[in-house]
Amino acid sequence: MKILICQTGRLSRLMRAAAVAPFFLAGFGCGVENHNAEDNDGPVVVTSFSILGDFASRVAGDSANVRVLAPAGSEVHEWELSPRNFIDLATADLVFTNGLGLEQWLPQLEATVPDGVRIVPLAEETGATVISIRLGDLRGEPDPHMWMDPRAAARYVEVIRDRMIELDPDSEEVYRQNARNYLDDLAALHDELTETFAAIPDEKRLLVTSEAAFLYFADAYGFDHDGIWGNNAEHEGTPQQIARIIDLIRDRRPAALFWESTITDRYVRSVSDDTGVPIAGPLYVDSLGRAGTGAETYIELMRTNARVISEAVAAGLTEGKS
Ligand SMILES: [Zn+2]
């Protein structure tokens, strides 16, 4: 009798899911419906990774259902679609990716999304200035980590709002109001971070991480930035990469070295051992943090990063005076 609780409006979605993933639905009856029992009657919006999921959720409120492919804590560049991802994509009405090469698995995603469902590469549609990767195998390619500047994140939210209104005009006012509220929060976040970093002297504004994923962030807040490697899509921690960053650290003496939540701290620890510069972190860039990390939303993630960076630099300043 389970079929009786299926909402008829969802039947076409269920049919699409069944066509793509019969194995996962076999024997479930109305399983997709039960699987997402908390769903509202709005459209299904699929996002490629957790930070975009947060943006879309803020705009959607209770008027759309947001799904995330690469969940909090996972590595986004080289994600592989899970069985659940296939079902979510089969039921999607709209898909948001970052674009600019972030999702190395874009071809698999494109092959899975049903015909006629739009895939929107948010970073590419912001119209914001694209910064190039500065080192490594991908040098000169667009750096995808544009969301790390809250002013660019606001452009993402505007694109999400506009595309969701096109998809679901009945909820236009809700999406507009939700986006307005979130854009206010993002503007306040940018002011707050600018103030947090104002106390850091110019010569200490050097941010050395594992993946050099903070170019947009560094540009927004006046830091120099370097990393052991340029992008997580390339080989990580090669002897050449380690030797280059050790030379730079010996020359510039940053207050601390940072690593990111989705990668191992093994390489940064080895660089720290060789140079005597302490490590701090993790910083969050390619994913929201899991529950309890203090980085469960984009705004919390940016605040946590700002606190970790400013405390590490402050500790370095104190040490320098003793
Ligand atoms: Zn990255």
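Trainee: What should I know before I start?
Mentor: It's a predicted model, where local features need pLDDT of at least 70, side-chain atom pairs count only at pLDDT 80 or more, and totals for chains, interfaces and linings use all residues. Residues are numbered from 1 along each chain as its sequence is written.

Trainee: How many helices and strands does the chain have?
Mentor: There are 13 helices and 8 strands. Both are DSSP runs numbered from the N terminus: helices are H or I with at least four residues, strands are E with at least two.

Trainee: In what order do the 4 strands of the open sheet come?
Mentor: The order is β2-β1-β3-β4, with parallel pairing. Two strands pair if DSSP finds at least two bridges between them. At the edges sit β2 (65–70) and β4 (118–121), each pairing on one side only.

Trainee: And how many bridges join β1 and β3?
Mentor: Strand β1 (residues 44–49) and strand β3 (residues 94–97) pair over 3 bridges. Look for Val45, which stands opposite Leu94 in β3.

Trainee: Which strands does helix α8 touch?
Mentor: Helix α8 (residues 150–167) packs on the sheet and touches β1, β3 and β4. Its direction makes about 170° with that of β3. Angles run from 0 to 180 degrees between N-to-C directions, and axes are lines fitted to C-alpha atoms, for helices over the stretch in contact.

Trainee: How do α8 and α9 cross?
Mentor: Their axes come within 9 Å and cross at roughly 180°. So α8 and α9 are roughly antiparallel to each other, a label for angles over 145 degrees.

Trainee: How many residues does α9 have?
Mentor: Helix α9 (residues 172–197) has 26 residues and reaches 37 Å from its first C-alpha to its last, close to the 38 Å expected at 1.5 Å a residue. That expected span is 1.5 Å times one less than the number of residues.

Trainee: Which residues of α9 are buried?
Mentor: Among them are Tyr175, Tyr182 and Leu186. A residue is buried if 20 or more other C-beta atoms, placed from the backbone, lie within 10 Å of its own.

Trainee: New topic: which residues of β7 are buried?
Mentor: In strand β7 (residues 257–260), Leu257 and Trp259 are buried on one side, and Phe258 and Glu260 on the other. Glu260 also stands opposite Leu283 in β8.

Trainee: What lies between β7 and β8?
Mentor: The chain crosses through helix α12 (residues 266–275), and this β-α-β crossover is right-handed. With the strands pointing away from you, the path from the first strand over the helix to the second runs clockwise.

Definitions and conventions:
Contact = placed C-beta atoms within 7 Å. Buried ≥ 20, exposed ≤ 12 C-beta atoms within 10 Å, placed from the backbone. Parallel < 35°, antiparallel > 145°, perpendicular 65-115°, else oblique.
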